[in-house]
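Hi everyone, thanks for coming.

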Amino acid sequence: MNYYLVTGGSGFIGRYLVNRLIKDKNKVINLDIKKPKTIFKNETFIKHNVKNKIKNIKYKNKIKAVIHLAAQTSSIISEENPQLDLLTNVIGTSNIIQFCKDYKIPILFSSSMAVYGNKKNNAKTSLSIYGISKKFSENLLFHHNESINKVSILRLFNVYGPGQNLDNLKQ
């Protein structure tokens with residue numbers, strides 16, 4: 001049985017992923033600031049904010065991969081409070097990188113379409129602080145790629161569906 005560490009495993013995408021990994025007969029360590037309504041069999045929940053270094057993870061030598069979903073995801077909030085993006089998205093990713101370097105664990109990173117610009121700026125520069133924070137996190141991952149076992153980055157576009165938090169209108 002494989003172990004996976006999922007940051008943000010209590011969030012919208014995270015719950016689907018944790019459930020799927022468990023259905024595929026894996027064990028999941030869910031690292032999140034909020035406890036999910038239901039903890040699945042073979043899921044271990046650890047309350048943790050990625051802004052802080054990761055310590056005392058049981059089975060760390062058995063983890064097959066870290067799937068890093070934890071992030072501040074609202075472009076509106078990133079403009080209102082850029083420090084939150086820097087702490088959560090950039091410092092948080094840096095902490096995940098350090099953990100993965102220490103134990104030679106591959107990372108799958110959830111980035112965003114927000115890293116792209118538009119035709120006016122030749123699509124080279126993000127249009128939001130959120131996009132800049134995700135792009136900076138990608139650059140950190142590329143920089144450390146050789147000292148980590150493997151880095152994969154997914155740039156997600158317009159994620160929505162059942163279970164989405166519709167209370168947060170700043171998404």
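**The core and the fold around it**

Let's start with the largest nonpolar core, which has 22 residues; the ones with the most contacts inside it are Leu5, Ile57, Ile63, Val66, Phe99, Cys100 and Ile107. By nonpolar core I mean a set of buried Ala, Val, Leu, Ile, Met, Phe, Trp, Tyr and Cys residues joined through side-chain atoms within 4.5 Å, where buried is under 20% relative accessible area, with a 1.4 Å probe and protein chains only. Two or more residues each come from strands E1 (3–7), E2 (27–32), E4 (63–68) and E5 (107–112), and from helices H3 (82–103) and H4 (129–143). H3 gives the most, five residues. Apart from this core lies another, of nine residues, including Tyr4 and Val28.

A word on the source: this is a predicted model, where local features need pLDDT of at least 70 and side-chain atom pairs count only at pLDDT 80 or more, while totals for chains, interfaces and linings use all residues. Residues are numbered from 1 along each chain as its sequence is written, and side-chain values use heavy atoms, leaving out hydrogens and water.

Now, what order do the elements run in from the N terminus? They go β-α-β-β-β-α-α-β-α-β, which comes to four helices and six strands. Those are DSSP runs, numbered from the N terminus: helices are H or I with at least four residues, strands E with at least two.

Finally, of the 171 residues in the chain, 42% are buried.

Note on methods
Buried means under 20% relative accessible area, exposed over 50%, partly exposed in between (1.4 Å probe, protein chains only).
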